[in-house]
Amino acid sequence: MISVFDLFKIGIGPSSSHTVGPMVAARRFVQQLQDSGVLASVARVEANLYGSLALTGAGHGTIAAVLLGLEGAEPATVDPQHLQARAQALQLGADLLLAGSKALPFNFACDLLLHRHQFLPQHANGLRFRALVADGRVLADETYFSVGGGFVQTEAELAAPLADALTVPYPFRSAAELMALCRVHNRTIAQIMLENELVHLPAAEVRRRLLAIAGVMQDCIARGGQCEGELPGDYHVRRRAPAIMKKLQMLQQAGRGDIMLWPMVYAIAVSEENAAGGRIVTAPTNGAAGIIPAVLQYYRNFAPNASDEGIVDFLLTAAAIGLLYKMNASISGAEVGCQGEVGVACSMAAGAYCAVLGGTLAQIENAAEIAMEHHLGLTCDPVGGLVQVPCVERNGVAAEKAIKVAQLALLENGEHLVSLDKVIETMLRTGQDMQHSYKETALGGLALTVGLPAC
Ligand code: SF4
């Protein structure tokens with residue numbers, strides 16, 4: 001089963017599928033060259049980006065991510081400032097340092113190829129890397145797919161059945177199975193998730209890592225609340241979080257502030273940091289990375305009994321809900337539209353918030369379900385292929401919605417007609433029916449009416 005640490009990963013902005021995933025894929029490729037002992041023989045390396053990665057890659061930082069990944073950089077540790085400067089140098093003709101050690105001439109025009117009109121059949125986000133020797137022979141040739149949330153799979157892994165990986169004490173594939181496990185074993189969702197995590201790590205380490213992740217989320221809100229100026233790109237989108245935060249504080253001091261504006265501005269702060277390529281926690285994607293930190297911060301600041309234990313339970317519960325989507329549908333905007341990113345993050349946050357406020361299993365499921373039900377059909381149409389408009393504001397709206405939905409579920413007894421499993425199935429079907437221009441191609445919706453398509 002997928003770990004909570006697969007769903008919440010420390011990385012960089014602006015996109016989990018278009019920045020984090022491609023960097024991971026490029027790094028995996030050079031690691032493979034290293035592990036098979038052929039790195040020293042490589043004379044040329046070629047990177048091919050297909051489909052959505054080629055169409056919106058420029059605005060999503062894909063090219064910089066691939067170049068740095070080939071040099072061995074990792075999303076969790078790469079310095080966002082260094083990434084930009086180094087990628088620029090490589091585009092201007094600097095030698096590539098393959099795996100951080102082997103200097104290689106890199107011809108940006110010939111060695112990094114964007115196949116804008118070619119989608120690989122397996123997934124919209126395809127990357128193919130080839131390593132060649134001096135006489136042109138191919139040493140290694142591997143295709144990867146960035147399937148959302150920073151997850152990367154080869155062709156073989158994409159086809160592998162998930163059942164092989166079920167080695168935890170409480171495996172589940174559906175919300176119904178998860179709820180049944182909780183009832184039979186008298187456990188909360190967070191406890192089930194924790195006991196599954198103990199297969200890999202001791203409890204104290206799980207707790208430490210989760211609190212560290214929560215800390216990175218909190219730092220991101222603080223940075224986003226201070227950084228003024230414009231986001232990268234040709235649209236000169238202004239960073240709004242600092243000014244909104246100041247106004248809200250003034251309103252609050254005057255006794256006129258609406259506290260529900262706080263989660264909105266927390267989410268905007270994180271999303272602006274993400275759009276600027278800053279340090280971020282993928283939750284469960286970067287495009288939707290503002291929602292869970294915002295609801296968590298709202299819990300810290302406004303819930304009467306907020307505690308570290310509550311934060312750990314929040315993240316474990318959110319992860320359980322997120323992996324239901326990951327296992328049974330998709331968390332990739334390129335596959336199912338924004339319902340799979342902002343919709344999923346809202347569903348995770350709503351269920352988790354309901355849980356830490358003392359919701360029953362039925363109420364938690366209800367909250368998670370309502371949050372997705374009202375994101376069904378949400379398209380992905382980033383203006384200019386940049387994770388800015390509508391993404392930043394959309395995170396703010398979804399954060400507020402998650403809190404309200406949790407509060408609504410708590411007012412009722414949890415009885416509901418549409419189950420979480422049914423809404424997940426519906427989300428997938430809706431995504432499959434969606435035209436590809438609405439799936440992270442920047443060819444439809446606001447991307448078309450407000451800006452020129454990225455291609
Ligand atoms: S519209 Fe939604 S899915 Fe598309 S890039 Fe923005 S946040 Fe991600």
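Student: Why is R207 called partly exposed?

Tutor: R207 has a relative accessible area of 33%. Buried means under 20%, exposed over 50%, and partly exposed in between, with a 1.4 Å probe and protein chains only. The value for R207 falls in between, so R207 is partly exposed. This is a predicted model, where local features need pLDDT of at least 70, side-chain atom pairs count only at pLDDT 80 or more, and totals for chains, interfaces and linings use all residues. Residues are numbered from 1 along each chain as its sequence is written, and side-chain values use heavy atoms, with hydrogens and water left out.

Student: What makes R207 and E309 a salt bridge?

Tutor: A salt bridge is a side-chain nitrogen of Lys or Arg within 4 Å of a carboxyl oxygen of Asp or Glu. For R207 and E309 the N to O distance is 2.6 Å, so the pair meets the rule. R207 lies in helix α10 (residues 203–224) and E309 in helix α14 (residues 308–328), so the pair ties together parts that are 102 residues apart in sequence. Helices (H or I, at least four residues) and strands (E, at least two) are DSSP runs, numbered from the N terminus.

Student: Why is E46 called buried?

Tutor: E46 has 8% relative accessibility, so E46 counts as buried. E46 also forms a salt bridge with R130, with the closest N and O atoms 3.2 Å apart. R130 is in strand β6 (residues 126–132) and E46 in strand β2 (residues 44–50), so this pair links parts 84 residues apart in sequence.

Student: Why is S52 called buried?

Tutor: The relative accessible area of S52 is 0%, so S52 is buried. S52 sits in helix α3. Leaving aside neighbours within four places in sequence, S52 is in contact (heavy atoms within 4.5 Å) with residues including H18, F119 and K439.

Student: Which domains does the chain have, and how many residues does each give to the contact?

Tutor: The domain assignment, which is automatic or from a database, gives domain 1 (16–159) and domain 2 (162–449). The contact takes 22 residues from domain 1 and 22 residues from domain 2.

Student: How many salt bridges are there between domain 1 and domain 2?

Tutor: The count between domain 1 and domain 2 is zero.

Student: What does α3 give to the side of domain 1 that touches domain 2?

Tutor: α3 gives the most to that side of domain 1, with five residues.
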